[in-house]
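Hi,

Here is the structure I promised to pass on. Have a look at it first, and my notes follow below.

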Amino acid sequence: MSTNSLQKKHWLVHVARRTGLPGAESLELEPGAPTAEAWLQVADILGINQDRLAEYVADYFRLKVTNLEDAEGNATKLVPEKIARQYQIFPLKEDDRQLVVATSDPTNFAAEQALGFISGRKAVFEVSPPPFILEAINAAYSSDGVIEALLSRVDAAIPDSITVVADDNSQEVVTEEDAKAAPVIKLTNLILRDAAQNGASDIHIEPGASGGTVRFRIDGVLRNYMQLPLPALVRVISRIKILGNLDIADKWRPQDGRTRILVEGRPYDIRISTVPTRDAEKAVLRLLKGGEAQKLTEIGLGDYELVRLRQLLAFRDGIVCVTGPTGSGKTTTLYAGIREMATGEVNIMTVEDPVEYELSGITQIQVKPKRGVTFASALRAILRQDPDVILVGEIRDLETAEVAVQAAMTGHMVLATVHTNDAVSTVARLLDLGLDRPSIASTLRGSIAQRLVRQLCDECAEPIRGEMTEDEIRLAKLFNVRPAMRAVGCRRCADTGYRGRIPLQEVFVITGDIADMITGAASQSEIYKAALKEGMRPLLQVGLERVRNGETTLEELERVLGLDAEEKKREEDRDARAQELRRDDEEPEEEKPWRRGRGGAAKASVGSRDDGGDEADLPPHVLVVDDDPEDRLLVRTMLRKQGYRVSEAEDGDEALDLIAKHDTFSLVVLDLEMPRLDGRVVLQRLRSSVSTAGLPVVVLTGSTNPEDEYQLMENGADDYLRKPIDPPRFTARVKAALRRARTP
C-alpha cells in the first residue's frame, strides 16, 4: 500500500478492510482523527478488542506485536518523557545500533525521525494499543522518576524533613513519608540542608545549554555543587516557588518571594528570586542565618579600624553609614555595633528588609510594602516611639533620606547602609538622592566602606620561606609586598586553601574641617585627601596589612579589589595628582583617580563572582577519559569539529581530579578499560557523589556482550558505544546525550 493511498483515508481504514470482518467495508474515519479515538472506534465497529486489532495492525505493516511487560528499563533513559508523550511511543529495548519502541501509529514518520535524533539510534517500531502505551508511559515516567533515579545514585544521608515556617508562624513539616512520596521534596531538602551545613550565603539553580547546575556561594565564591538533568531542575524550582508562595504557573516573569525554614533546629530566612531564561527558569536563594548577632570584637576587625568605628558609634546623634556591595557584611557590622550600644539604657529600634538577626531588648520592624510598611513610613512611626538609636536597613530614596536627616537633627543616632564604592562617595550618593549639602554636613558623622576577603585555612596554609611562584612574584612586584603565607588546599577547606572571611574596612570620620568642605562644595578629590590626612586608611592599605600578617593572600586581594598594575600606579600617584586636580563637582568622573581605582575594583569583583551569566552561551564542555592517545586524538578531533570545548584525562584518577577542580563539564566520554582506575570505578564514584550524580556519561567499551552493556546502563551510564569508534555514530550519540540532558 503506497503512502499516498494511506493519506487519502485514515490508515486504520485500510487495516480494517483487509481483515474482511463485518462492518469493515462501510467503515469511514477522518484522516486526521486522533489515534486513540480511531483505535477505539475501529475495534467497536469490527466487534473485537484492541489486543486483536493490534495483531491486524502488526500483520498489515509486517511488524511485531509487543509485550510491554518485557520492556527493559534502560531503554527509557534514551527517550525523555516529553518525546514519549508527544508521539505516544514507549521505549522497549536498545542495543548499540537500534532502539525498539512500541507505537500505535506505525505511519508516524515524525516520531521515527525524532527518536533517531534524540537517541542516536535507528528506531524500530512494534505495535501496541494506545491505552497500553499510555499506561506504560505513566508508570515509567512518573513526574518524579528522573529525580528518584538521581537520588538512588547518591551515596549521602538525605534529610527526611525540613521545617518550613509560614508567615503566620505555623509550621509545615515534611515528614519521612512525604519525602518518600515526593522525591522532588527530598532533593530540595538535600540542597537546602547541604547549603546550610556548608555555610553558603546563596544557592544558584541555573539552567544551561546542556542541563542544569546547582552552585553554592561559599566565602564569596561560587562552587559547583550538583549537576541536574533539566527535568529535575524544573521540578526543584517549582518546589522552591511553592515554598516562597510564588506563582508556579507563571514561568515568563521575574518573581520574588521569601520563606523561613529550620534546618536541624537552626532558623534560616530565605529570599527567593526567579527569572526566565532561554532554557528554563533560574532561581537564586539567599540564605540568612537567624540567631544572635556577633560583637564588634568577634567579626574580625583590625585594631585601628575598630578604634575609629567605636569613635563613630560614640556619637549620640547624626548618621553613620556602612557602604559596600551586596554580601559584603554591612548588616553584620551594624548589628555588631548595636550589640555594643544595647546597654539597656537606650531605646534601639530597627527597620529592616529582612530582619536578619533577632536581638532581645530591641524593637525590630520588618518592611512589608504590600501592607504599606516601607522604610520611610516605618521610620516616621519610629520617631514617635522615643528612640535613641535607629537602624535603617537601607537608604535607597529621597523620602527615606529626608526622614533619616530629620531624625538625626532632632537628637537621634541613625545607622544605615547605602550602596557606594568607597566611604567618601557616601557624600556624593546622598547628594544624588536629593539632599542638600548643609544637611549632609550637619548630620553625617562618618561612613565605613567594607569588603570581605577569604581567610587562609588554618590547617593547610603554609609559610612562604623559599622561592615564590611566578604569580606570587608578579603580585609581590605589583603591590610591593612580600606575602607571608600561601593557600594550599585540604579536605577541610574543600581544596580552596581558604576557610571563612575577614573584613577590610576604610573608616571615614567627618571632622569639622571636612564638614566645612562639604558645605563649601569641595571636590570629592579634596575631601578624599583630607580624609587621608585625618587618619583614614584605604581598603588597599588595610588589605596589604592583612597579607603581611599572614591572614590572606595577594591573589585574594586582587580578586576582591581588582587592582591591576596601572591602577596600583595611580594609587601611588594619587596625592600628587589630587593637588593638581582642584576642581569642582562638575569634574568628569573619568578624571578622578580614586574613582577609577574603585571602578576597576568593582568590575573585577563582578567578574570574580562568576555568576554564570556567560556560561550558558558557551559551547558544551566535554571531558574525554581514555588511556589510548590515538583514541583521545580521534575523539577530540570529532568533538572540536562540532564546536565543543574539550578537556582530556589519561586515566580515572586524573579524570576525577579534573572534575573536582574544573568548571562544570557538560558530558564525560569514559573509556571502560584503563590502568590504575578503570571506567567502572570512575562511573561508580561519579554516580555516588551529589555533585556529579546528574553528569551525563557516555562509556566507550570493547565488549560485545549485551549483558555488559545492560549492566553499564544499570550502573548509571547514559549511553555506551562499542570500539573501534565509528565517527558518525559517535557524534550522533554525543549530541543525543546532550539533548536528553536539556529536554524537560
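P724 is found in the loop between β25 (719-722) and α29 (727-741), where helices (H or I, at least four residues) and strands (E, at least two) are DSSP runs numbered from the N terminus. For context, most peptide bonds are trans, and most residues other than glycine have a negative phi.

Before you go further, please note that this is a predicted model: local features need pLDDT of at least 70, side-chain atom pairs count only at pLDDT 80 or more, and totals for chains, interfaces and linings use all residues. Residues are numbered from 1 along each chain as its sequence is written, and side-chain values use heavy atoms, with hydrogens and water left out.

Two loop residues have a backbone worth a look. R62, in the loop between α4 and α5 (81-87), is not a glycine and yet has a positive phi of about 60 degrees. D386 also has a positive phi, near 55 degrees, and is found in the loop between α14 (375-382) and β15 (389-392). R62 is exposed at 78% relative accessibility, and D386 is exposed at 61% (buried means under 20% relative accessible area, exposed over 50%, partly exposed in between, with a 1.4 Å probe and protein chains only).

On to the rings. A pair of aromatic rings is described by the distance of the centres and the angle of the planes. The rule I used takes rings of Phe, Tyr and Trp (its six-membered ring) with centres within 6.5 Å; planes under 30 degrees apart are stacked, over 60 edge-to-face, and the rest tilted. The count by this rule is three aromatic pairs. In one of them, W11 and F61 have ring centres 5.7 Å apart and planes at 70 degrees, so this pair is edge-to-face. W11 belongs to helix α2 (residues 11-19) and F61 to helix α4 (residues 50-61), so the pair ties together parts that are 50 residues apart in sequence. W11 is buried at 6% relative accessible area, while F61 is partly exposed at 21%. F216 and Y225 make a stacked pair, 4.3 Å centre to centre with 20 degrees between the planes. F216 is buried at 3% relative accessibility, and Y225 is buried at 9%.

How do α18 and α22 cross? The axes of α18 (residues 470-479) and α22 (residues 554-561) come within 10 Å and cross at roughly 65 degrees; axes are lines fitted to C-alpha atoms, for helices over the stretch in contact, and angles run from 0 to 180 degrees between N-to-C directions. The contact (heavy atoms within 4.5 Å) involves residues including R474 and F479 of α18 and L554 and E558 of α22.

Finally, the protein chain has 29 helices and 25 strands, and 54% of its 744 residues count as buried.

Happy exploring!
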